[in-house]
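Let's take a walk through this model, starting with its pocket and ending with a pair of rings.

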Amino acid sequence: MKTPFEEVSAKIKQVIAKKSEDDLISHLKKKLEEFHNVEPYNELGDKLSPFFLWEFEFKKGINQVLDAVAKSLEIGKVDLDSPNLKKANAANVNLLRRNLNRLINLGYTNSVAKEGKTMEAKTEEEKNKLKEVNEELNELSIHLNIIIGDVIKQISTQELNRIYDAVAELLRCHLSYIEKKANDIAPNIVIKFPDSQLNQVDTKLTFSFQFKTEFAITQGSWQEEIKVETRKRVWYKLWLGKKTIYETKYEKRSSDNAKLPSTEDLLMGWIIQAREKESERANQVAGWILQQIDSLKQNVDKIQNDIIDRYQERLDKANQEITTDYEQRKKVWQPMKQKAKNLAEEFYKLEHFDKI
């Protein structure tokens, strides 16, 4: 049983030390699938799957949070009733809810949120509104950093417990098998040991996220059309009279320009940023698994040594009992043997005496 785990341990150490770029999840799955072909572990079925499903649960948790945020903005109504969002701190979720409501009230919803929009803020009012949208989107990233970090922490606790249960189940299966085989070999020496409890590694994992919203306001310019009033002499008044004429002039004005991202762009940006931290998260969980595997191997060694010691103890006791019984019998039959020998010698002498 220890061989696949020893190989997994070696691979985990290589990945953590950056001496291997192998996909750790695929390697775990491949090695643990070897148990499916070995008695009695083939009876475990999918009970070892938590070893390689935890990363999927991490991704699902992140995507559910991001999807709930994007849909809220698109439909213009905040709905954060996601199972994984319920794992986050309620106060932080409320802050996120208010942030989303402010974005919706600023017009970042419906078609703007779905398709994005190029903005050119010319007036002070427009510039202030664009600045507010920018600030709220940046604040949205901050809230997501906190909430997703909290969600992943809760998911990690759940998944580590599942991994522990899988290891404990494997250990119980192993012990039951050893006990049966030992008693098959030595049916007269009943070997029975209680189910061993595997100590769960007590390690607190922390996960950090650095989400950023790629949204920048740039300075631009535009030409404002201005009507200028002038008075000019006109021919039909024989150049003696003047008429008011309005001429068009253009004056350069500054503007704040920005491309409001669509929710799809936001989602992809955040997902890419989350992926950049995948190896870091995998290394943390892998380190925990490594510690748990080491604990498992120590348990297996201890249990098997206890079995051997107990078996040897019973063999020694049985040998002692046989030896004691032999010595007692020896005390009885050895004098008899000596007497028989002496008697045989006497008969031998009598036989030769008759021939003399």
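**The pocket and the ring pair**

Start with helix 8, which gives the most to the lining of the largest pocket: four residues. Keep in mind as you look around that this is a predicted model.

Helix 8 runs over residues 278-355, and along with helix 2 (24-32) and helix 3 (50-75), each supplies at least two residues of that lining. So what volume does the largest pocket have? It comes out at about 350 Å³. If you want to find its centre on screen, pick out V15, D22, L24, S279 and A282, the closest to the centre among the 15 residues that line the largest pocket.

What sort of residues make up that lining, by class? Seven are charged, five are nonpolar and three are polar.

Now move over to helix 3 for the aromatic side chains. W54 and F58 both sit in this helix, four residues apart, or about one turn. The count of aromatic pairs in the model comes to one. Here the ring centres of W54 and F58 are 5.9 Å apart. Their planes meet at 70°, and over 60 degrees counts as edge-to-face, so that is what this pair is.

Are these two side chains buried or exposed? The cut-off for buried is under 20% relative accessible area. W54 has 1% relative accessibility, so it counts as buried. F58 is also at 1%, so F58 counts as buried too.

Technical notes:
Residues are numbered from 1 along each chain as its sequence is written. This is a predicted model: local features need pLDDT of at least 70, side-chain atom pairs count only at pLDDT 80 or more; totals for chains, interfaces and linings use all residues. Side-chain values use heavy atoms; hydrogens and water are left out. On a 1 Å grid over the protein atoms alone, a cavity is a set of points where a 1.4 Å probe fits but cannot get out, and a pocket is an open set with protein on both sides within 12 Å along at least five of seven lines; lining residues have an atom within 4 Å of a point. Grid points are joined across faces, edges and corners, and a volume is the space filled by probe spheres set on the points. Ala, Val, Leu, Ile, Met, Phe, Trp, Tyr, Cys and Pro count as nonpolar, Asp, Glu, Lys and Arg as charged, and the others, Gly among them, as polar. Rings of Phe, Tyr and Trp (its six-membered ring) pair if their centres lie within 6.5 Å; planes under 30 degrees apart count as stacked, over 60 as edge-to-face and the rest as tilted. Buried means under 20% relative accessible area, exposed over 50%, partly exposed in between (1.4 Å probe, protein chains only).
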